[in-house]
Amino acid sequence: MYVVLEGIDTAGKSTQLEILKSKFKEAVFTKEPGGTKLGIKLREMILSGEAQSSKAEMFMFLADRAEHTEEIILKNKDNLIISDRSFISGIAYALNEDMEKLIELNRFATSNNFPNKVILLELTKNELEKRLSKKENDSIEKRGSDYLLSIQDRLKQTILKLKIDYIFIDASDSIENIAQKIEDFIND
Ligand SMILES: Nc1ncnc2c1ncn2[C@@H]1O[C@H](COP(=O)(O)OP(=O)(O)OP(=O)(O)O)[C@@H](O)[C@H]1O
Ligand SMILES: Cc1cn([C@H]2C[C@H](O)[C@@H](COP(=O)(O)O)O2)c(=O)[nH]c1=O
């Protein structure tokens with residue numbers, strides 16, 4: 001089963017993934033971008049701002065996703081796979097591109113292998129701004145809370161449009177409560 005954890009910057013994905021690693025010791029843990037040898041190189045190029053063109057950046061994320069699908073997802077179809085991000089982030093963060101076109105590009109990149117379950121950690125504006133204020137903000141985070149919340153809305157739109165089995169969890173709930181809700185959803 002292929003499960004993905006989604007959420008905007010500071011939503012609590014890494015915190016929950018560390019707990020999940022102790023609860024699901026047999027699972028394959030991975031991420032996008034950067035879940036393969038090629039993906040690590042692509043991630044470094046993307047996050048260091050190598051691409052001047054937003055389309056070029058998008059295709060770099062799609063290349064990471066194609067490699068991730070072939071090398072990790074399809075080779076572990078009989079295992080539980082838990083991924084930090086997925087094509088859903090790809091669609092949500094490409095705010096200026098048409099959603100239908102992005103869905104088709106991602107179907108092509110993944111050979112139509114979309115996740116079985118999606119967990120979205122959802123932040124309020126207040127909680128997001130509190131967390132952003134506590135850290136050094138990267139280039140995306142510097143675009144501010146309204147920009148990140150528009151991405152969060154598009155994450156939700158994408159999940160609902162594609163009718164993937166999902167749960168939206170209040171990211172400001174306690175770490176323990178969130179972890180229990182995630183475990184129950186995966187085991188359901
Ligand atoms: N449930 C929670 N309640 C309060 N604070 C939390 C909770 N979960 C995580 N945090 C804190 O929020 C911050 C961001 O958490 P984390 O790094 O896990 O988020 P993330 O989604 O992986 O972020 P990014 O995508 O930016 O790497 C950390 O300081 C973490 O300790
Ligand atoms: C998969 C994917 C990610 N992004 C963005 C989202 C984040 O800002 C970074 C990845 O950082 P993280 O530390 O791994 O969360 O990349 C994107 O724009 N498009 C995508 O397809």
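Trainee: What makes the pair formed by the side chains of Asn 106 and Arg 65 a polar contact?

Mentor: Keep in mind that this is a predicted model. The two side chains come to 2.7 Å. The limit for a pair of N or O atoms is 3.5 Å. The value falls within the limit, so the pair counts as a polar contact.

Trainee: Why is Asn 106 called buried?

Mentor: Its relative accessibility is 2%. Buried means under 20%. So Asn 106 counts as buried.

Trainee: Where does Asn 106 sit, and which residues does it touch?

Mentor: Asn 106 belongs to helix α5, residues 99-109. Leaving out residues up to four places away in sequence, it touches Leu 62, Arg 65, Phe 87, Ile 91 and Phe 114.

Trainee: Arg 65 was in the polar contact with Asn 106. Which ligand has Arg 65 around it?

Mentor: Ligand 2. The residues around ligand 2 include Asp 9, Glu 32, Pro 33, Arg 65, Arg 85 and Gly 90. A polar side-chain atom of Arg 65 lies 2.8 Å from an oxygen atom of ligand 2. Arg 85 also has a polar side-chain atom 2.8 Å from an oxygen atom of that ligand. Gly 90 uses a backbone N or O atom, 3.3 Å from an oxygen atom of ligand 2.

Trainee: How much of ligand 2 does the protein bury?

Mentor: Taken alone, ligand 2 exposes 480 Å². The protein buries 85% of that.

Trainee: Pro 33 was also around ligand 2. What kind of peptide bond joins Glu 32 and Pro 33?

Mentor: A cis peptide bond, with omega about -10 degrees. Pro 33 lies in the loop between β2 (28-31) and α2 (37-47).

Trainee: Now ligand 1. Which residues come nearest?

Mentor: Gly 12, Lys 13, Ser 14, Thr 15 and Asp 173, out of 16 residues around ligand 1. Look at the backbone too. Thr 10 has a backbone N or O atom 3.0 Å from an oxygen atom of ligand 1. A polar backbone atom of Gly 12 is also 3.0 Å from an oxygen atom of the ligand. For Ala 171, a backbone N or O atom lies 3.5 Å from a nitrogen atom of ligand 1.

Trainee: What share of ligand 1 is buried by the protein?

Mentor: The protein buries 64% of the 640 Å² that ligand 1 exposes when taken alone. Two elements give two or more residues to the shell around ligand 1: α1 (13-23) and α8 (175-187). The most come from α1, with three residues.

Trainee: How does the shell around ligand 1 divide by residue type?

Mentor: Five nonpolar, five polar and six charged.

Trainee: Why are Ser 111 and Asn 112 called partly exposed?

Mentor: Ser 111 has a relative accessible area of 46%. For Asn 112 the value is 48%. Buried means under 20%, and exposed means over 50%.

Trainee: Last topic. How many residues are in the largest nonpolar core?

Mentor: The core has 49 residues. Those with the most contacts inside it are Ile 8, Ile 82, Ile 119, Leu 121, Ile 182 and Ile 186. Helix α7 (residues 145-162) provides the largest share, seven residues. In soluble globular proteins, nonpolar side chains tend to be buried together.

Trainee: Which residues does Ile 82 touch?

Mentor: Among them are Val 3, Leu 17, Phe 24, Val 28 and Ile 186, not counting residues up to four places away in sequence.

Terms used
Residues are numbered from 1 along each chain as its sequence is written. Chains are lettered from A and ligands numbered from 1 in the order in which they are written. This is a predicted model: local features need pLDDT of at least 70, side-chain atom pairs count only at pLDDT 80 or more; totals for chains, interfaces and linings use all residues. Side-chain values use heavy atoms; hydrogens and water are left out. A nonpolar core is a set of buried Ala, Val, Leu, Ile, Met, Phe, Trp, Tyr and Cys residues joined through side-chain atoms within 4.5 Å. Buried means under 20% relative accessible area, exposed over 50%, partly exposed in between (1.4 Å probe, protein chains only). Helices (H or I, at least four residues) and strands (E, at least two) are DSSP runs, numbered from the N terminus. Contact means heavy atoms within 4.5 Å. A residue is near a molecule or strand if one of its heavy atoms lies within 4 Å of it. A polar contact is a pair of N or O atoms within 3.5 Å; within protein, one must be able to donate a hydrogen and the other to accept it, and residues adjacent in sequence count only if both atoms are side-chain atoms. Accessible areas come from the Shrake-Rupley method with a 1.4 Å probe; for residues, only the protein chains shown count as cover. Ala, Val, Leu, Ile, Met, Phe, Trp, Tyr, Cys and Pro count as nonpolar, Asp, Glu, Lys and Arg as charged, and the others, Gly among them, as polar.
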